[in-house]
Amino acid sequence: MSAFKDAGHLFRFAGLFVLAFIIFLVVRHYVVPRSFGQYGHYRGAAISEIAARPVKFAGHETCETCHSDVLDVKSKGKHAHVNCEACHGPLAKHAEDPSAVTPVKPDTAVLCARCHTATAAKPKGFPQVDPADHSNGVPCETCHQPHSPAIDGSTASATGGAK
Amino acid sequence: MNLSRRHFLVLMPAAAIAWKAVLAGTPEQAENYKLSEHWWGMLIDVPKCIGCGNCVRACAAENDVPDGYFRTWVERYHVSDENMTNPEVISPDGGKEGFPVAKEDAEKYFFVPKMCNHCSDSPCTQVCPVGATFVTPDGVVLIDPKYCLGCAYCVQACPYGCRYIHPEKKVADKCTLCYHRITKGLTTACCESCPTGARQLVDLKNPKDPIHEFLKTHNVQVLKPQMATGAKAFYNGLDGSVR
C-alpha cells in the first residue's frame with residue numbers, strides 16, 4: 001500500500017474522469033434515439049416513419065375492384081397497359097370513400113395531346129398526330145373512346161390525319 | 001477499502017445503461033414486409049419514353065414535391081451528327097408539362113427520365129456528418145428529415161444531381177422510391193402513371209421478377225458507371241451521349 005501513500009489527489013482526479021464519463025453516458029442515453037444503430041449509423045425508426053406516409057395513387061388493382069366494366073373495355077384495347085391513374089390522376093381518397101371524392105373527368109384536348117402530339121423525339125412506332133391538323137378542333141372523344149381508342153370497323157389508314 | 005465501494009457505485013449505473021442500450025438494439029419486426037427480402041431498383045426503358053411528363057407530375061402529387069424542385073425529371077436529348085459528344089439537353093420545368101415539338105430534321109432525339117439511382121455504394125450517404133441519410137437494408141436511399149441538418153453535403157456529393165434542399169423544411173429531400181408505397185405492395189407513383197411502361201420498379205432479390213431475364217437479354221447500362229456508385233437505376237437502350 002506504500003505505493004498509494006501520497007496518491008490521493010490522483011484518485012480524486014481519476015474520479016472526476018469517471019464521473020464525466022458517466023455523465024456522458026447518461027446524456028447520450030437520453031439524447032440518442034433508441035433506434036439509432038439498429039441497422040447502421042442512422043435512426044432505424046426513420047424507415048418505418050417514411051413507410052407510414054400516406055399513399056395518393058391508389059394503384060390500378062384498387063380501381064379494378066369496383067370498375068371492372070371499364071377494365072373489360074380497356075383490356076381489349078390499345079390502352080390495356082395504361083393504368084387508370086395515369087390519366088385520371090391520384091385517387092386514393094376516392095378509393096377510400098367513393099362518395100366523398102368524385103374524380104373530375106379529364107379534358108381529352110389536354111390529356112390525349114400530352115402523349116399523342118407528333119414530335120421527332122418520340123419513338124417512331126408510337127401513334128402520333130398533329131392535334132390541330134388531325135381533328136380540326138373536334139374533341140378526341142367524338143371518334144375515339146379513351147378506354148379503347150381504336151375506331152370500330154376502321155383501320156389505321158382510314159383515320160384522317162393519323163400517322 | 002472504500003475504493004472498491006466507490007467503484008461499485010460507479011459501475012452499477014454504467015452497467016444498467018449499457019444493458020438498456022443492448023435491449024434498445026433489438027430490431028423491430030415490421031408486419032408482412034421483411035427488409036431482408038427485397039433489394040429495390042428501377043428499370044428505365046429509354047426507347048419507350050414518350051416524354052409526356054406523367055411521371056414528373058405523379059411524383060410531385062404523390063410526394064408533395066414543391067414547384068421547381070424534382071425527385072424525378074425527364075430530359076430531352078438532341079444529338080447532332082457533327083457533335084455527338086456534346087448533345088443539346090432540355091428539360092423545361094423538369095418535363096412536367098411535356099416538351100416543345102421537335103421538327104423532323106433527321107437528327108437523333110430521345111427522352112431520358114432521371115431520378116435517384118438508389119446506389120448501393122452511395123456517395124451521398126457517405127458524406128452525411130450526422131447519419132441522416134442512409135441505404136436501407138432493402139436497398140433504398142432515404143433521408144431522415146428529423147435528423148438532417150440541411151448542410152447540403154449530400155446535395156453536392158450526388159453525381160446525378162438528384163437531391164435538393166426543401167425550400168420550406170430546409171432539409172435535404174430526394175426520391176424515396178415511393179418507399180411508403182413499395183412497402184405496401186404497390187409500385188411507385190411514377191411507374192403507376194407511366195403510360196408506356198418505360199419505368200418499372202424491380203426487386204433484385206425476387207427470383208420471379210422479370211428484371212433478371214431482362215438484364216440477361218438486353219444492353220443495359222447505369223449512369224456514370226466509372227464512379228462505381230453501385231447505381232440501381234438500370235437504363236435500357238441508353239445512348240452514349242447521356243451524361
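I started with helix 2 (residues 54–63) of chain B, which lies across strand 2 and strand 4 of chain B and runs at about 160 degrees to strand 2 of chain B. Contact here means that the C-beta atoms of two residues, placed from the backbone, lie within 7 Å. For the angle, axes are lines fitted to C-alpha atoms (for helices over the stretch in contact), and angles run from 0 to 180 degrees between N-to-C directions. Helices (H or I, at least four residues) and strands (E, at least two) are DSSP runs, numbered from the N terminus.

I noted the ground rules next. This is a predicted model, where local features need pLDDT of at least 70, side-chain atom pairs count only at pLDDT 80 or more, and totals for chains, interfaces and linings use all residues. Residues are numbered from 1 along each chain as its sequence is written, while chains are lettered from A and ligands numbered from 1 in the order in which they are written.

What order do the strands of the open sheet of 3 strands have? I found 3-2-4 in chain B, with antiparallel pairing. Two strands pair if DSSP finds at least two bridges between them. Strand 3 (88–90) and strand 4 (108–115) of chain B are the edge strands, each pairing on one side only. From one strand to the next, the twist averages 25 degrees.

I then checked strand 2 (residues 72–79) of chain B, which is joined to strand 3 of chain B by 3 bridges; the two run antiparallel. H78(B) has E88(B), in strand 3 of chain B, as its bridge partner.

A reminder to myself: in a regular strand the side chains alternate between the two faces of the sheet.

**The other sheet**

I also looked up an open sheet of 4 strands in chain B, with the order 9-1-11-10 and mixed pairing. Its edge strands are strand 9 (199–203) and strand 10 (220–221) of chain B, and each pairs on one side only.

Parallel or antiparallel: how do strand 1 and strand 11 of chain B run? Strand 1 (residues 40–45) and strand 11 (residues 233–236) of chain B run parallel, joined by 4 bridges. M42(B) has A233(B) in strand 11 of chain B as its bridge partner. Strand 10 and strand 11 of chain B run antiparallel, with 2 bridges. Here I saw Q221(B) opposite Y235(B).

**Chain B overall**

I counted 7 helices and 11 strands in chain B. Of its 243 residues, 42% count as buried (20 or more other C-beta atoms within 10 Å of the residue's own, C-beta atoms being placed from the backbone).

**Where the chains touch**

The contact takes 49 residues from chain B and 39 residues from chain A. On the chain B side, helix 1 (2–24), helix 2, strand 4, helix 5 (179–182) and helix 6 (189–193) each supply at least two residues. Helix 1 of chain B gives the most, with 6 residues.

The predictor gives the complex an ipTM of 0.84 and a pTM of 0.85. I also checked pLDDT, the predictor's confidence in each residue, from 0 to 100. Chain A averages 88, with 93% of the residues scoring at least 70; chain B averages 90, with 88% of the residues scoring at least 70.

I flagged residues 155–163 of chain A, where pLDDT stays under 50, and residues 25–30 of chain B, where pLDDT also stays under 50. Where pLDDT is low, the predicted coordinates should not be read in detail.

Key:
Buried ≥ 20, exposed ≤ 12 C-beta atoms within 10 Å, placed from the backbone.
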